[in-house]
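I opened a new page in my notebook for this protein. My plan is to look things up one at a time and write down what I find.

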Amino acid sequence: MTTILLIRHGVNDAVGKHLAGRTPGVHLNEEGKKQALELAKLLKDFPVKAIYSSPLERTLETAEPVSQAVGVPVQVHNGLIEADYGDWQGKSFEELHNLDLWCELLREPAAVRFPNGESLQEIQARAARAIEEIAARFEKDDLVLCFTHGDIIRLATAYFICLPLNEYQHLVTNPAAITELRFYEDRAFLARYNQCLALNASQYCNAEAVKAG
């Protein structure tokens, strides 16, 4: 049974403020760098077979300390990249909350396409396909790490547990949190979801911190 750990990147200055999307040059801030080091400390004795990452800086910077700790190189996988939010990229959450499409996103996400970007259905299909392809490369009992983004983890998890796409927003993914999927033949099992390194009071002061960034 191949085990995949989906790990959201650490905190950056965009989290909770604006939708970073695929904007280049978004790096971990000091808190995010600390989270990456804590992940490395946590995972250093795990028998990691391979590490994959979205090509964006914030995921690579989260993966690198873990890579050094376990002695396994990071491989970029474009299927793990953040959603293409199109014209929404870079906009503040305050701006987005005033859009009609935001209300539709909350009401019926399965029908939403981001302006000049991907649809939620396309993002989910792409993310699930990438994870399935990665899992298929490995043998029983192999452990693989995939560093990616909040919406990618939420949408992929919804797919693998057969949660309707319209309900995916009931799932929350915190920065640097770990979600564990186990693949056996043609089935996936959710072993744990959104396991945080530690609770932080700031998470409860700013609910936007768990949103895409």
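**Entry 1: helix H2**

I began with H2 and asked which of its residues are buried. I found Arg-58, Thr-59, Thr-62, Ala-63, Pro-65, Val-66, Ser-67 and Val-70. Buried means under 20% relative accessible area, exposed means over 50%, and partly exposed is in between (1.4 Å probe, protein chains only). My helices (H or I, at least four residues) and strands (E, at least two) are DSSP runs, numbered from the N terminus.

I noted how the numbers were made. This is a predicted model: local features need pLDDT of at least 70, side-chain atom pairs count only at pLDDT 80 or more, and totals for chains, interfaces and linings use all residues. Residues are numbered from 1 along each chain as its sequence is written, and side-chain values use heavy atoms, with hydrogens and water left out.

What covers the buried residues of H2? I listed S1, helix H1 (30-43), S2, strand S3 (74-76) and S4 among the covering elements. Contact here means heavy atoms within 4.5 Å.

Next I checked the length of H2. The expected span of a helix is 1.5 Å times one less than its number of residues. H2 covers residues 57-70, so its 14 residues should span 20 Å. Its end C-alpha atoms are 20 Å apart, which agrees.

Where does H2 bend? I found a bend of about 25° at Ala-63, with a proline, Pro-65, following within four residues. The bend at a residue is the angle between axes fitted to the seven residues ending there and the seven starting there. Just after H2, Gly-71 has a positive phi of about 70°.

**Entry 2: the nonpolar cores**

A nonpolar core is a set of buried Ala, Val, Leu, Ile, Met, Phe, Trp, Tyr and Cys residues joined through side-chain atoms within 4.5 Å. The largest one has 37 residues. Which of them touch the most other members? I wrote down Ile-4 and Trp-88.

H5 gives the most, with seven residues.

I also found a second, separate core of 16 residues. Leu-5, Val-48, Leu-143 and Leu-145 are among its members.

I went back to Trp-88. Not counting residues up to four places away in sequence, Trp-88 touches Leu-19, Leu-96, Leu-99, Leu-101, Trp-102, Leu-105, Phe-114 and Pro-115.

**Entry 3: aromatic rings**

How many aromatic pairs does a search of the whole structure find? The count is seven. Rings of Phe, Tyr and Trp (its six-membered ring) pair if their centres lie within 6.5 Å; planes under 30 degrees apart count as stacked, over 60 as edge-to-face and the rest as tilted.

I looked at Tyr-52 and Phe-138. Their ring centres are 6.3 Å apart and their planes are at 75°, so the pair is edge-to-face. Tyr-52 lies in strand S2 and Phe-138 in the loop between H5 and S4, so the pair ties together parts that are 86 residues apart in sequence. Both Tyr-52 and Phe-138 are buried.

Tyr-159 and Phe-160 also pair edge-to-face, because their ring centres are 5.1 Å apart and their planes are at 80°. Tyr-159 is partly exposed at 40% relative accessibility, whereas Phe-160 is buried at 10%.

I noted a cluster too: ring pairs link Tyr-85, Trp-88, Phe-93, Trp-102 and Phe-114.

Thr-3 is in strand S1. Its relative accessible area is 14%, so Thr-3 is buried. Leaving aside neighbours within four places in sequence, Thr-3 is in contact with Asp-142, Leu-143, Val-144, Glu-180, Leu-181 and Arg-182.

Thr-157 is in helix H6. Is Thr-157 buried or exposed? At 1% relative accessibility, Thr-157 counts as buried. Leaving aside neighbours within four places in sequence, Thr-157 is in contact with Leu-171, Thr-179, Leu-190 and Tyr-193.

**Entry 4: positive phi values**

Asp-141 lies in the loop between H5 and S4. Its phi is near 75°, a positive value in a residue other than glycine. At 60% relative accessibility, Asp-141 counts as exposed.

Glu-185 is in the loop between S5 and strand S6 (187-195). Phi of Glu-185 is near 50°, again positive in a residue other than glycine. Glu-185 counts as exposed, at 70% relative accessibility.
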